[in-house]
Amino acid sequence: MVPAKLMDYFNKQPRIGVLSTASKDGKVDAAVFGSPQMTDEKTVVMALGENRTFKYLRENPNAVFTIVEQGETIMDWKGLRVYLRMKEYATSGEMLDTYQREIARVVGEEAAAMIHAVVTFEVGEVRPLVDMGQGWESSV
């Protein structure tokens, strides 16, 4: 039951999140993404351009995807921090081609043309947006 709740929340649309990465020498980056998809309780797939995020992931495979959902007051805001580790990426081949075709179908050829790589992450840890010891399940 819990993995299904996590997948449902992670994949809920519309939503936006921030993927935070760091280079091998500790330079940090944060980039806004709306398209990452959790394909099972331990896997996240996303498309990347040829950019700083992709460069940093090749140097350091660890990242955090933060999802924030606005509430009426600050205490009503919800969200998660999903800790990830890149397992693999494809800059050519069937995995990239399939993803680009799907993006072209959903949002258009221009968006698909910007995709340089498809990245697969393993989910390591899930924490609430604001961690007061309540567990992530109570924060979504």
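**Exercise 1.** How do the residues of the lining of the second largest pocket divide into nonpolar, polar and charged?

*Solution.* The model is predicted. Start with the space: the second largest pocket holds about 260 Å³. Next, take its lining, which is made up of 13 residues, with I74, M75, W77, V130 and Q134 nearest the centre. Sorting the lining gives eight nonpolar, three polar and two charged residues.

**Exercise 2.** Describe the largest pocket and find which helix gives the most to its lining.

*Solution.* The largest pocket has a volume of about 420 Å³. Its lining counts 16 residues, and S35, A47, Y99, I103 and V107 are the closest to the centre. Strand 4 (43-48) and helix 3 (94-107) each supply at least two lining residues. Helix 3 gives the most, with five. By type, the lining has 10 nonpolar residues, five polar and one charged.

**Exercise 3.** Classify the aromatic pairs of the structure by the angle between their planes.

*Solution.* The whole structure contains two aromatic pairs. In one, F10 and F65 lie 5.3 Å apart, centre to centre, with 45 degrees between the planes, and the pair is tilted. F10 belongs to helix 1 (residues 2-11) and F65 to strand 5 (residues 62-69), 55 residues apart. In the other, F54 and Y89 are 5.0 Å apart, centre to centre, at 85 degrees. Because angles over 60 degrees count as edge-to-face, the F54 and Y89 pair is edge-to-face.

**Exercise 4.** Is F54 buried or exposed?

*Solution.* The relative accessible area of F54 is 1%. Buried means under 20%, so F54 is buried.

Methods. Residues numbered from 1 in each chain as written. Predicted model: local features only at pLDDT ≥ 70, side-chain atom pairs only at ≥ 80, totals over all residues. Heavy atoms only, no water. Phe/Tyr/Trp six-rings, centres within 6.5 Å; stacked < 30°, edge-to-face > 60°. Helix = DSSP H or I, 4+ residues; strand = E, 2+ residues; numbered from the N terminus. Buried < 20%, exposed > 50% of the residue type's maximum accessible area, 1.4 Å probe, protein only. 1 Å grid on protein atoms, 1.4 Å probe; cavity = no way out; pocket = protein on both sides within 12 Å on 5 of 7 lines; lining within 4 Å. Points joined across faces, edges and corners; volume = space filled by probe spheres on them. Nonpolar A, V, L, I, M, F, W, Y, C, P; charged D, E, K, R; others polar.
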